[in-house]
Amino acid sequence: MKKTTYFLFLIVPMILVVGALLLPLVGSLLPTFLQPSEYVRFFQDEYNRTIFYRSIRLSLITTVLCILLGLPTSYWLSLLSEKKRRLLNSLILFPLLTNAVVRGFAWITILSKNGIINQALKAIHLPTIQLLYTDAAIVIGSVYLFLPVMVNTLSPVMENIGSETIEAAHTLGAKPVVVFLKVVLPLSFSGLLIAGVMVFAGSISAYTTPTLLGGNKKMMLASLLYQQTNALSNWDAASRIAFIMLICSLGVQKLFSIISKKVDRREAQNV
Amino acid sequence: MSFGELKGICVSYDNKNMILENLDLEIHKGELLSLLGPSGCGKTTTLRVIEGLMGTVGGTFILDGKDMTHVPVHDRGFGVVFQSYALFPHLSVRDNIAFGLKMRKEKNKELINEKVEKMAALTEITPYLDRFPKQLSGGQRQRVALARALVIEPKLLLLDEPLSNLDAQLRIQMRTTIKRIQQELGITTIFVTHDQEECFSVSDRVAIMDKGKIVQCDTPEAIYHKPANEMIARFVGFKNFYSADVYKDLGGTNGGSTLCCSRPSDFTINAANGIDGTIEVRTYLGSSYQYEVNTKHGFFTVVATEEKVYNIGDEIKLSISEDKTVIIGE
């Protein structure tokens, strides 16, 4: 095919990208840039600051937990036979297929004062604990939500490493743990970066799960944004929050890519 | 006692269908032993059992007086060259070769460097030490894989179809390199291949496998001149198979009830006795011609020199001398 024909095919997606993605974004963010002092004022407010730091903290914890749980899981999956792997991969996707509200209420029934965990504690005569409407509840819900994203992004990366490469490391005297650290981890780092950014961006902008499990006491940026639009109709304030969330995600992406370049020298050397 | 021995090795995925069945194999010190056979014959499985990458359901593997059957892969210390080379893409050639030494908890950096450079010189990859696997050609990657396997000074060097990803010219060059290095280091080597020519050219001994069993294990010369069964005979270039009665017609004497076979180039054309036949197909092989000759006993494939060229339709007489015929199952 000629280059011009390729270009014709690209016109429609380009219009969609500009019209449906860039224009609304610019349209809603631009007014906030005209009053930069409002950004300063946002961070001067202690209530806002608390919510901002909580969002960053909980999203980072969620990302780290997803990496810690997802990395070994996807490695283990890649070692299984094709048939088992497919079955388990589709089971892992299950949380993403259920409705966010249903998922949230499912966790409420587990974590609430009279929930399964506290009932069990009562049964063995232990004091009950406050689980719902805490940071921990938000993290648990977010990890549950984003672990499938992590595993499904990493699985093809793990499969690409190739069984012979892993076997080669074994024959050279590397114990299974060492193979994981010295071969699997460096070779899946670029995938880990993408998955990590996806989980972070997802959990900092998630609304339903943090709102249901964190309640009004433990607000996140997304809940604050919702409050600004629906309760206060302060559209500029909402746009500012959205922009702050965007900057956070981009910042984390930049951070991850710096780390990734240091660890994975494969691409850098390949001039 | 021999250096290494596989005894009664059984491998099965489901305990019903045996992939290897009571396989016995002796490994002599310092030899290059080949496992040869068609795909699916179990040669790679045998190698994986030796490597420790494949579990067995029975049998033992003894090496140098030590039972290796249940020793895990990473403690066996064998050098393995994989079919895909399996180099670590995130490490430079130098670090790839040094990987095995570092895994052995070798802390002395100078010693590591010295060993890596010595091995690089031996495999002729010194100029590429600071490159990455992606920046190397197939032949260069092969040499790196070989250096990486050899630098740990393994008791056994195991090669799984190491030449199958190279083009024809490079294959011949690489097999000479492998043979040279193997002789220089005197390292016991097991080589898996499905290419008969490649295998016979470098091996000290060849184990021919079929359906999960070793059907003949001997020197290449012995197998070439005295194949143990029809499958092996076909593998080493015998094209004509016939009964003892036909053998008598061709000028032979004994044979009994056995199967006889001969190579296309071993026939004598138009001697005093023999079988009458008509030439039906003629193909030019470079320095000789190959004829398909139709006789009352079926087709024979015959190769003759350019001295006397026959045409399609020519009536000829085929005979064979006794020393040129191999009697199978004698």
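Chain A has 15 helices and zero strands in its secondary structure, where helices (H or I, at least four residues) and strands (E, at least two) are DSSP runs numbered from the N terminus. This is a predicted model, in which local features need pLDDT of at least 70 and side-chain atom pairs count only at pLDDT 80 or more, while totals for chains, interfaces and linings use all residues. Residues are numbered from 1 along each chain as its sequence is written, chains are lettered from A and ligands numbered from 1 in the order in which they are written, and side-chain values use heavy atoms, with hydrogens and water left out.

**Chain A overall**
- The C-alpha trace of chain A spans about 70 × 65 × 30 Å along its principal axes.
- Chain A has 271 residues, of which 43% count as buried (under 20% relative accessible area; exposed is over 50%, partly exposed in between; 1.4 Å probe, protein chains only).
- Taking contacts in chain A (heavy atoms within 4.5 Å) between residues at least 6 apart in sequence, 74% join residues at least 24 apart.

**Helix packing in chain A**
- Helix α4 (residues 82-92) and helix α8 (residues 135-161) of chain A pack with axes 9 Å apart, at an angle of about 155°; axes are lines fitted to C-alpha atoms, for helices over the stretch in contact, and angles run from 0 to 180 degrees between N-to-C directions.
- α4(A) is therefore roughly antiparallel to α8(A) (over 145 degrees; under 35 is roughly parallel, 65 to 115 roughly perpendicular and the rest oblique).
- On α4(A) the contact uses A:Arg85, A:Asn89 and A:Ile92, and on α8(A) it uses A:Pro148, A:Val151, A:Asn152, A:Ser155 and A:Glu159.
- By class, three of these residues are nonpolar, three polar and two charged (Ala, Val, Leu, Ile, Met, Phe, Trp, Tyr, Cys and Pro count as nonpolar, Asp, Glu, Lys and Arg as charged, and the others, Gly among them, as polar).

**Helix packing in chain B**
- The axes of helix α3 (residues 93-103) and helix α5 (residues 138-150) of chain B come within 7 Å and cross at roughly 30°, so α3(B) and α5(B) are roughly parallel to each other.
- B:Val93, B:Asn96 and B:Ile97 of α3(B) meet B:Val144, B:Ala147 and B:Arg148 of α5(B).
- This contact has four nonpolar, one polar and one charged residues.

**Cysteines**
- Over all chains, zero disulfides are found (a disulfide is a pair of cysteine sulfur atoms within 2.5 Å).
- B:Cys41 is in no disulfide, with the nearest cysteine sulfur, that of B:Cys199, 11 Å away; B:Cys41 is buried at 1% relative accessibility.
- The sulfur of B:Cys260 lies 7.7 Å from the closest cysteine sulfur, in B:Cys261, which is too far for a bond.
- B:Cys260 is buried, at 0% relative accessible area.
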